[in-house]
Amino acid sequence: MRILVLDPRFGAAGDMILGALLSLGADKDFVLRSVSTVSKPDITEVTRAGIPATYIRTNTGKSARNLQEVLAVISAADAPEKAKEIAKQVFYRIQKAEAHVHQTEHVHFHEVGADDAISDILGSVTALLSLQVDGVHILPVSVGSGTLKCSHGIMPVPAPATAEILKASALSVSLGSFEGELCTPTGAALLAAFQEIFGTHIHTGRLIASGSGAGTRDPADHPNVLLAYVLDTEEKGSEVDVLETNVDDVSGELLASVLSTMMHEGARDASVVPIVMKKGRPGHLIRVISLPADSGRLAKILARETGSLGIRCIPMVHRFIADRTIAEEHIVINDKVFAVNVKTAYMDGAIYSRKAEFDDLQRIADASGISVRTVKRIVEEDAWKPQ
C-alpha cells in the first residue's frame, strides 16, 4: 500500500498543502487545469530555514463570494467530479465554522479570499487524487500562539473559525508551539476532509518519496513548511476486511446513498447484491471492502446509514493488486485535441489493461457531441496502439 503522511508540525495552509503534494510528484498539469477558471498559479522552488520547498502563488485578487457562488465556480471547473465533490465538502466545513463564529448563515468567504481558497482547495484535492495513494495519515497539527490581525480586528490564535473546524474533526492538535498563526481555516478544513475521507492509522513502512510545501513567511525560529511523505507499507495492500450486512427495509435510493457514503469514507469498494432472505422476503446484501485499519470505523458508519443491528466482518482476506500508473494522454476528435487520463495495469511487467477515466470521457463527450461509449472506444483503441 502507498500511504501519504502529512506532518503539519510547523503549520498548514492551503498553499502549503498544495505545494507539498506537488513536491511529492502530483500531476502538475492536472492541477493547473482544475484551477484554471479561478487562477493561474506560479509554482516555484524556495527554501524556508534551509529546507527546500515548493511555493504556490495563486495570483488571485481579494474577492468575496457566498457559499452558493463558490459552489458554482467549483462545479464549472475542469476537474474530476470526485475532486469537485470533496472541494465542496471542504467549503461546507469552512462555512459551518464561520457561521458558528459570527452567528449567521450569511457567510462571505472574504477573509481567506474566495478565489484564492478555491484554487488552493480544488488544487490540493486534485493533487491528492492524482497521487493514487491508498490512505492518508496526518500527524498532530500545530496551530501557533499569540494573536493575529484580520478583517474583524485582533483575534487569538488559533483563529475562531480554525478552532471550530479542528473541534469538529478527528485531527490531533498541538497548541502554543510557535508564535503566530500556523494553521489557517483553509488548511484545517483540507486536513479534516483528508482525514475523514482517506484517513488511516497506518504510518510505518518504507519511505519512497518526501517533499514539502512552503508558506509565504520565512521566520527565523522555524521552517514555514508542511512536510509530506509517501510510505510503501509492508502489507503491500494484499489484505483487506470484508464487511457485510443483510437489509430488507431499505429503498433503492437509500442503497445508492449508502454505497456513495462508504466510498467517500474510505472504503476500497462497495456493492449491493439482491438476495432472498428468511420467509422468502426479498432483500439486499451490502458488501464493503475495507483496509483493516478502517474496518471498525466503516462498520459503525454502515450500521448508522442502514439501521442494521449487526455488521459481519470477514477479516484479513487476501487480494491481488496490480501495479498501475495513470498518465495524461491526448486524443483528436472532430479536429479538436482533448486530454484524457488513462489508467494502465501491469502483470509481471506486461500491460494487461488500459482504461480511460470516466469523468474525462464524459467531459469529452459533452464537448464533442458524441456518445461516451464512442469516446471510450476511440480513446482506448488509441491507447493500445504500439508507441
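Reader: Is Gly61 buried, partly exposed or exposed?

Author: This is a predicted model, where local features need pLDDT of at least 70, side-chain atom pairs count only at pLDDT 80 or more, and totals for chains, interfaces and linings use all residues. Residues are numbered from 1 along each chain as its sequence is written, and side-chain values use heavy atoms, with hydrogens and water left out. Buried means under 20% relative accessible area and exposed means over 50%, with partly exposed in between (1.4 Å probe, protein chains only). Gly61 comes out at 49%, so the label is partly exposed.

Reader: Where does Gly61 lie?

Author: Helices (H or I, at least four residues) and strands (E, at least two) are DSSP runs, numbered from the N terminus. By that numbering, Gly61 sits in the loop between β3 (51-57) and α3 (67-75).

Reader: How far apart in space are Gly61 and Ile286, C-alpha to C-alpha?

Author: Along the sequence, 225 residues separate Gly61 from Ile286. In space, their C-alpha to C-alpha distance is 48 Å.

Reader: And what share of the 387 residues is buried?

Author: The protein's radius of gyration agrees with a compact globule, because 387 residues would give a value near 21 Å and the protein has 22 Å. That radius is taken over C-alpha atoms, and the globule rule is 2.2 Å times the number of residues to the power 0.38. As for buried residues, their share of the 387 is 51%.

Reader: What percentage of contacts with a separation of 6 or more joins residues 24 or more positions apart?

Author: A contact here means heavy atoms within 4.5 Å. Of the contacts with a separation of 6 or more, the share from residues 24 or more positions apart is 71%.
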